Amino acid sequence: MANICRTDVKIQGSKEAISYFKEKYESCHDGKYPNEEENPHIVDVFGADAELFIDRVGSKWITQYEIFWDDETSYEFGLESANYPPSDMLKEMHRQLVAIDPDIIFTARYWDEAYDPIGVIKITDSGQYLELEDYSLEEDDQEYFWDDVIEPAFERLEEQLNIA
């Protein structure tokens with residue numbers, strides 16, 4: 001697995017839960033911008049209850065990436081982390097959200113720089129962390145590699161995990 005892992009998270013739930021998460025997430029920083037002392041670090045807000053950074057996040061480092069806010073009942077954002085998805089942080093995000101909305105839907109897609117592997121994550125309402133990966137993708141001279149290879153592979157994995 002390469003060093004950088006991109007994780008795109010999608011949360012669907014009540015307006016109250018999404019509003020709560022949006023406000024908390026967007027007030028955080030990841031240490032790469034000036035004036036970060038004014039806002040909490042993302043690990044202080046969403047890190048698991050552990051002593052070491054790696055145990056709070058699930059990877060050696062974390063960077064906030066993009067935000068795609070669709071509407072009042074869904075929120076999507078991207079993270080980059082070292083080697084693996086930030087599993088411990090994702091579980092803590094889910095734990096905070098399910099306290100507000102027990103029917104929250106929490107899913108993610110992740111991939112490393114070489115798409116080896118790609119994977120999907122689903123955290124169930126009971127907090128079970130489900131993950132499937134695919135290591136068998138080859139570029140094979142595809143003109144539109146993401147559309148022709150990666151997206152169909154994600155869709156197959158999501159179907160296996162019953163992600164709508």
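Where is the place of Arg109? The place of Arg109 is in strand 4, where helices (H or I, at least four residues) and strands (E, at least two) are DSSP runs numbered from the N terminus. The structure is a predicted model, in which local features need pLDDT of at least 70 and side-chain atom pairs count only at pLDDT 80 or more, while totals for chains, interfaces and linings use all residues. Residues are numbered from 1 along each chain as its sequence is written, and side-chain values use heavy atoms, with hydrogens and water left out.

Contact here means heavy atoms within 4.5 Å, and, not counting residues up to four places away in sequence, Arg109 touches Arg6, Thr7, Asp8, Gly119, Val120, Glu151, Phe154, Glu155 and Glu158.

Two of these residues, Glu151 and Glu158, also form salt bridges with Arg109, a salt bridge being a side-chain nitrogen of Lys or Arg within 4 Å of a carboxyl oxygen of Asp or Glu. Arg109 and Glu151 have their closest N and O atoms 2.9 Å apart. Because Arg109 lies in strand 4 (residues 105-112) and Glu151 in helix 5 (residues 145-160), this pair ties together parts that are 42 residues apart in sequence. For Arg109 and Glu158 the closest N and O atoms are 2.8 Å apart, and this pair links distant parts of the chain, with Arg109 in strand 4 and Glu158 in helix 5, 49 residues apart. Both Arg109 and Glu158 are buried. The side chains of Arg109 and Glu158 are also joined by a polar contact of 2.8 Å, which is a pair of N or O atoms within 3.5 Å; within protein, one atom must be able to donate a hydrogen and the other to accept it, and residues adjacent in sequence count only if both atoms are side-chain atoms.

## Salt bridges elsewhere

A search of the whole structure finds 8 salt bridges. One of them joins the side chains of Glu66 and Arg6, at 2.8 Å from N to O. Glu66 lies in strand 2 (residues 62-71) and Arg6 in strand 1 (residues 4-12), so this pair ties together parts that are 60 residues apart in sequence. Glu66 is partly exposed, with a relative accessible area of 34%, whereas Arg6 counts as buried at 11% relative accessibility.

## Strand pairing

Two strands pair if DSSP finds at least two bridges between them.

| Strands | Bridges | Facing residues |
|---|---|---|
| Strand 2 and strand 3 | 6 bridges | Thr63 and Glu80 |
| Strand 1 and strand 3 | 9 bridges | Gln12 and Ser74 |
| Strand 1 and strand 4 | 8 bridges | Val9 and Ala108 |

Strand 2 and strand 3 (residues 74-82) run antiparallel and form a hairpin with 2 residues between them.

## The largest pocket

About 260 Å³ of space lies in the largest pocket. A pocket is found on a 1 Å grid over the protein atoms alone, as an open set of points where a 1.4 Å probe fits, with protein on both sides within 12 Å along at least five of seven lines, and lining residues have an atom within 4 Å of a point. Grid points are joined across faces, edges and corners, and the volume is the space filled by probe spheres set on the points. The lining consists of 15 residues, of which Lys10, Glu76, Thr107, Arg109 and Glu158 lie nearest the centre of the pocket. Strand 1, strand 4 and helix 5 each supply at least two residues of this lining, and the largest share, 5 residues, comes from strand 4.

Val120 is placed in strand 5 (residues 118-123) and counts as buried at 0% relative accessibility. Among the residues that Val120 touches are Arg109, Phe154 and Glu158.

Most residues other than glycine have a negative phi, and most peptide bonds are trans. The peptide bond from Asp116 to Pro117 is cis, with omega near 15 degrees, and Pro117 is found in the loop between strand 4 and strand 5. Tyr115 is found in the loop between strand 4 and strand 5, and has a positive phi near 55 degrees. Asn162, in the segment after helix 5, has a positive phi near 60 degrees and is exposed, with a relative accessible area of 63%.

Conventions: Buried means under 20% relative accessible area, exposed over 50%, partly exposed in between (1.4 Å probe, protein chains only).
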